[in-house]
Amino acid sequence: MNYQFGLIGYPVNHSLSPWIHQQFMSAVGLEGAYLLFETPVEKLDERLKQLKQDQIHGFNVTVPYKQKVMAFLDEVDADADRIGAVNTVVNQGGRWKGYNTDGIGYIRSLRKEFPDLFSSEKRVLILGAGGAARGIYRVLVNAGFQKVDIANRTKEKAEGLLDLQEVHTETAIYGYKEAEDTLDKYDLIVQTTSVGMSPDKGKQIISLKKLHPHTVVSDIIYNPLTTQLLQEASDQGARVHRGHTMLLYQARYAFEIWTGTQPAMNGIVSQLEKRLR
Ligand code: ATR
């Protein structure tokens with residue numbers, strides 16, 4: 001079989017996804033192509049109709065269509081439905097089903113590097129309350145973390161994440177200044193905003209003055225490979241979890257949904273690091 005995959009969004013021209021999925025296909029011995037479908041909003045309808053006609057096997061969805069695409073699906077996975085965003089669509093015999101692989105991708109990448117963090121009494125702080133934060137909050141709660149706080153510029157937006165809980169979790173909501181003052185109580189801090197992303201790579205969402213060196217600091221940004229926030233964390237002796245691993249694991253979960261196979265990751269992680277350096 002010759003698989004057809006792709007990515008819909010605007011813009012998508014600099015996406016690493018074609019490279020990542022080609023690596024996965026080679027790793028498991030599948031033939032296929034992963035194409036970039038850069039689509040302005042007025043062409044979204046037409047593009048999706050064309051993909052349906054072409055019987056594409058699966059595609060990813062990125063900014064700004066993660067919500068909009070949901071109206072075109074035959075079924076939405078329960079997690080994606082609660083999060084309110086789809087980043088992966090699979091064609092199941094002509095029926096399109098949507099998933100969100102960000103949260104699972106995040107937690108799998110974290111577990112791989114920091115298995116010691118996975119115990120319910122560990123305290124987590126999420127910075128940000130956008131789409132990525134929603135997915136990550138939900139999987140952390142579902143994975144059994146019982147204390148997951150959120151800090152955001154807009155507190156009301158952070159409150160919206162509380163609806164994603166299915167099991168009881170203690171969640172306090174802070175502004176960034178308040179969070180900075182009590183940073184030392186956390187075992188894991190997860191940065192989910194776009195602050196610090198290239199070209200604004202000198203920016204940092206919070207100061208880490210009060211960071212305790214036992215804390216793992218995680219940033220979902222992968223460009224730059226090491227953000228200013230992670231650099232400061234590392235300078236203070238803390239362990240860091242970089243965003244390129246989440247990028248790979250969310251892509252791998254999408255690939256698994258499409259093909260039923262799980263490519264080995266070993267070589268791919270270090271090759272991606274080289275590309276991002
Ligand atoms: P995504 O879906 O990629 O997570 P989003 O929904 O636009 O993107 O969410 C962006 C997150 O980054 C939000 O937490 C946003 O804060 P607000 O909810 O207060 O808007 C945060 N964010 C973006 N730019 C920011 C900035 N310059 N300063 C502080 N927070 C910022």
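The shell around the ligand is made up of 4 nonpolar, 8 polar and 2 charged residues (nonpolar means Ala, Val, Leu, Ile, Met, Phe, Trp, Tyr, Cys and Pro; charged means Asp, Glu, Lys and Arg; the others, Gly among them, are polar).

User: Ok, which residues come nearest to the ligand?

Analyst: Gly 130, Gly 131, Arg 153, Thr 154 and Thr 193, out of 14 residues around the ligand (near means a C-beta atom, placed from the backbone, within 6 Å). Bear in mind that this is a predicted model, where local features need pLDDT of at least 70, side-chain atom pairs count only at pLDDT 80 or more, and totals for chains, interfaces and linings use all residues. Residues are numbered from 1 along each chain as its sequence is written.

User: And what gives the most to that shell?

Analyst: Helix 5 (residues 131–142), with 3 residues. Helices here are DSSP runs of H or I with at least four residues, strands are E runs of at least two, and both are numbered from the N terminus.

User: Switching topic: which residue does the UniProt "active site" annotation cover?

Analyst: Lys 66, according to an unreviewed UniProt entry. UniProt positions are given in the numbering used here, feature names are shortened, and annotations may be inferred rather than shown by experiment.

User: Where is Lys 66, and what does it touch?

Analyst: Lys 66 sits in the loop between strand 3 (58–61) and strand 4 (75–76). Its contacts are Val 61, Ala 85, Val 86, Asn 87 and Gly 131, leaving out residues up to four places away in sequence (contact means C-beta atoms, placed from the backbone, within 7 Å).

User: Is Lys 66 buried or exposed?

Analyst: Buried, because 22 other C-beta atoms lie within 10 Å. The cut-offs are 20 or more for buried, 12 or fewer for exposed, and partly exposed in between, with C-beta atoms placed from the backbone.

User: Now strand 11. Which way do its residues point?

Analyst: Val 216 and Ser 218 point one way, Val 217 and Asp 219 the other, and all are buried. In a regular strand the side chains alternate between the two faces of the sheet. Ser 218 has 30 other C-beta atoms within 10 Å, and it touches residues including Leu 110, Leu 188 and His 241.

User: What does strand 11 pair with?

Analyst: Strand 11 runs parallel to strand 10 (residues 188–191), with 4 bridges, and parallel to strand 12 (residues 239–241), with 3 bridges. Pairing takes at least two DSSP bridges. Gln 191 has Asp 219 as its bridge partner, while Val 216 stands opposite Arg 239.

Conventions:
Two residues are in contact if their C-beta atoms, placed from the backbone, lie within 7 Å.
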